[in-house]
Amino acid sequence: RLNSVGIPVFISHGNHDHLGGKWTRFELPANVHVFTEEVEMVQFQVEEQPVSIYGLSYKERHIREKMIDRYPTAQNQDAYHIGMLHGSLAGDDTHAVYAPFTKSEMLAKQYDYWALGHIHLRQHIHEEPPIVYPGNIQGRHRNERGEKGFYNVELSKTGAAFQFVPTSTILFDRVDVSCKEISHANEWLVACMEALEAFR
């Protein structure tokens, strides 16, 4: 659908779908660019405005060395520069630490936007320029609570506008159920059903 209206797509493979995996491959349409294991810069134009996108794909599941140093510093500041990286903010061990980076290392590249992958929690690391984890588009288990989705981002040289687009088919969350004055299991089940229905 994106190919039919001329919208380019860029894929940066991470630890779950690395290039060395024995995955089922699909033939992709002409508008899709898959980044290789080396940092690449792809240039194109949007309404005569030059855009450069930088990214890489994991060649194997565990990429523990710093990859941020391989990204070039932006040169032409009249163009838009967007970095894609699947990795971890240095010092954050809530997820397995892959391709670690610091905020200052990213800011030094002088990009207009950093689109990050790996961390499943939606979060903004920096506002101007934006360094953003959109999170995953579907919670995988009860520890990944809340609405999941992606960002539609409008960039300008004076800032960025974010629109969150929800995509979760299944929503994981927590519902507290009072067991006050309950003494039988059937009463507990009814209380749970009523609480779930109210939450729904």
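Asp69 is exposed, with a relative accessible area of 53%, where exposed denotes over 50% relative accessible area, buried under 20%, and partly exposed in between (1.4 Å probe, protein chains only). The model is predicted, so that local features need pLDDT of at least 70 and side-chain atom pairs count only at pLDDT 80 or more, while totals for chains, interfaces and linings use all residues. Residues are numbered from 1 along each chain as its sequence is written, and side-chain values use heavy atoms, with hydrogens and water left out.

The side chain of Asp69 forms a salt bridge with that of Lys66, at an N to O distance of 3.9 Å; a salt bridge is a side-chain nitrogen of Lys or Arg within 4 Å of a carboxyl oxygen of Asp or Glu. Lys66 is partly exposed, at 37% relative accessible area. In the whole structure, seven salt bridges are found. Among them, Arg140 pairs with Glu144, with 3.6 Å between the closest N and O atoms. Arg140 is exposed at 51%, whereas Glu144 is buried at 10%. Arg174 and Asp176 are likewise joined by a salt bridge (3.1 Å, N to O), and both residues are exposed. Through shared partners, salt bridges link Lys66, Asp69 and Glu105 into one network.

The expected span is 1.5 Å times one less than the number of residues, and helices are DSSP runs (H or I, at least four residues) numbered from the N terminus. Within α2, Ala191, Cys192 and Ala195 are buried. These residues cover an arc of only 100 degrees around the axis, which places them on the same side of α2; the arc is that of the directions from the helix axis to the C-beta atoms. Asn186, Met193 and Glu194 are exposed on the other side of α2.

Technical notes: Helix = DSSP H or I, 4+ residues; strand = E, 2+ residues; numbered from the N terminus.
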